[in-house]
Amino acid sequence: MTERTRLAIIYGSTRPGRLCDRVVNWVARELAHYPLIDIDLIDPLEFDLPFAHNREHPGVAALSERLSDADAFIIVTPEYNHSFTASLKFVLDLVYEPWHGKPVAFVSYGGISGGLRAVEQLRLVFAELHTVTVRDTVSFANPWGRFAEDGTLENPFDARKSLVLMIARLTWWSNALKPARVTRPYRSVAA
């Protein structure tokens with residue numbers, strides 16, 4: 001049985017003039033064609049997040065609630081200096097339990113590597129957050145000038161093909177893990 005998936009798409013950049021907006025717009029437009037996916041766009045800039053780790057802060061509580069509501073995640077990340085952004089790491093570290101027992105997929109962009117070095121490092125972080133990362137990714141090498149402001153992508157065929165496979169595997173994991181979390185919440189799993 002296939003259930004609805006509550007999918008949170010998380011912006012991995014907070015820089016002014018970020019390309020992330022356009023890439024997120026493309027992902028959201030493509031996924032609008034999937035009737036069993038409900039999308040929640042989570043932009044760290046929309047939360048009044050503190051400058052230091054403070055889990056009691058109202059912005060962190062709001063972020064935690066939105067992440068808790070998700071069944072699965074897509075992280076849209078640039079690659080800066082062979083890694084992902086400090087702002088994304090801050091968001092990942094602000095909350096802990098909302099990530100547990102959920103699948104994560106990646107859409108990356110950057111220079112010649114298409115952001116894949118950032119994704120490889122994110123896989124290590126998400127292992128510590130008790131998630132399942134989907135092997136398949138969508139990556140854009142040298143994406144500047146390929147995306148219109150509304151997310152329209154020049155020559156989208158290969159990216160769509162990658163996205164279809166990634167979403168199929170992400171929703172498979174979501175459908176497998178959701179009943180497991182209901183039957184036995186992840187926090188109840190002890191050594």
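Biologist: Let's start with Arg-29. What does Arg-29 count as, by relative accessibility?
Modeller: Arg-29 counts as partly exposed, at 41% relative accessibility. The scale: buried is under 20% relative accessible area, exposed is over 50%, and partly exposed is in between (1.4 Å probe, protein chains only).

Biologist: What am I looking at, before we go on?
Modeller: A predicted model: local features need pLDDT of at least 70, side-chain atom pairs count only at pLDDT 80 or more, and totals for chains, interfaces and linings use all residues. Residues are numbered from 1 along each chain as its sequence is written, and side-chain values use heavy atoms, with hydrogens and water left out.

Biologist: Back to Arg-29. Which residue forms a salt bridge with Arg-29?
Modeller: Asp-150. The closest N and O atoms are 3.2 Å apart. Arg-29 sits in helix α1 and Asp-150 in the loop between β5 and α5 (157–183), so the pair links distant parts of the chain, 121 residues apart. A salt bridge here is a side-chain nitrogen of Lys or Arg within 4 Å of a carboxyl oxygen of Asp or Glu. Helices (H or I, at least four residues) and strands (E, at least two) are DSSP runs, numbered from the N terminus.

Biologist: How many salt bridges does the structure hold?
Modeller: 17. One of them joins the side chains of Arg-6 and Asp-71, at 2.8 Å, N to O. That pair also links distant parts of the chain: Arg-6 is in strand β1, Asp-71 is in the loop between α2 and β3, and 65 residues separate them.

Biologist: What do Arg-6 and Asp-71 count as?
Modeller: Arg-6 counts as partly exposed because its relative accessibility is 42%. Asp-71 counts as buried, at 0%.

Biologist: What about Arg-123? Which residue is its salt-bridge partner?
Modeller: Glu-120, with the closest N and O atoms 3.5 Å apart. Both lie in helix α4, three residues apart, about one turn of the helix.

Biologist: New topic: α5. What span should α5 have, and what is the distance between its end C-alpha atoms?
Modeller: The 27 residues of α5 should span 39 Å at 1.5 Å a residue, and the end C-alpha atoms are 40 Å apart, which agrees. Expected span means 1.5 Å times one less than the number of residues.

Biologist: Which residues of α5 are buried?
Modeller: Ala-159, Leu-163, Met-166, Ile-167, Leu-170, Thr-171, Ser-174, Leu-177, Lys-178 and Arg-181. They pack against β1, α1, β2, β3, β4 (103–110) and β5. Contact means heavy atoms within 4.5 Å.

Biologist: And α3? Which of its residues are buried?
Modeller: Helix α3 covers residues 86–94, and Leu-88, Phe-90, Val-91, Leu-92 and Leu-94 are buried there. Their cover includes β1 (5–11), α2 (58–69), β3 (72–78) and α4.

Biologist: How many bridges join β1 to β2?
Modeller: Six, and the two strands run parallel; β2 is residues 37–42. Pairing needs at least two DSSP bridges between the strands. Ile-9 has Leu-41 of β2 as its bridge partner.

Biologist: Which hand does the β-α-β unit have?
Modeller: Right-handed, made of β1, helix α1 (residues 20–31) and β2. The test: with the strands pointing away from the viewer, the path from the first strand over the helix to the second runs clockwise.

Biologist: Where is Leu-129?
Modeller: In the loop between α4 (116–128) and β5 (132–141). Leu-129 is buried, at 7% relative accessible area.

Biologist: What does Leu-129 touch?
Modeller: Leu-92, Val-95, Tyr-96, Trp-99 and His-100, leaving aside residues up to four places away in sequence. Tyr-96 is 33 residues from Leu-129 in sequence, yet the C-alpha atoms are 6.5 Å apart.

Biologist: Last one. What is the phi of Asn-142, and of Asn-155?
Modeller: Positive in each case: about 45° for Asn-142 and about 50° for Asn-155, though neither is a glycine. Asn-142 is partly exposed at 43%, and Asn-155 counts as exposed at 61%.
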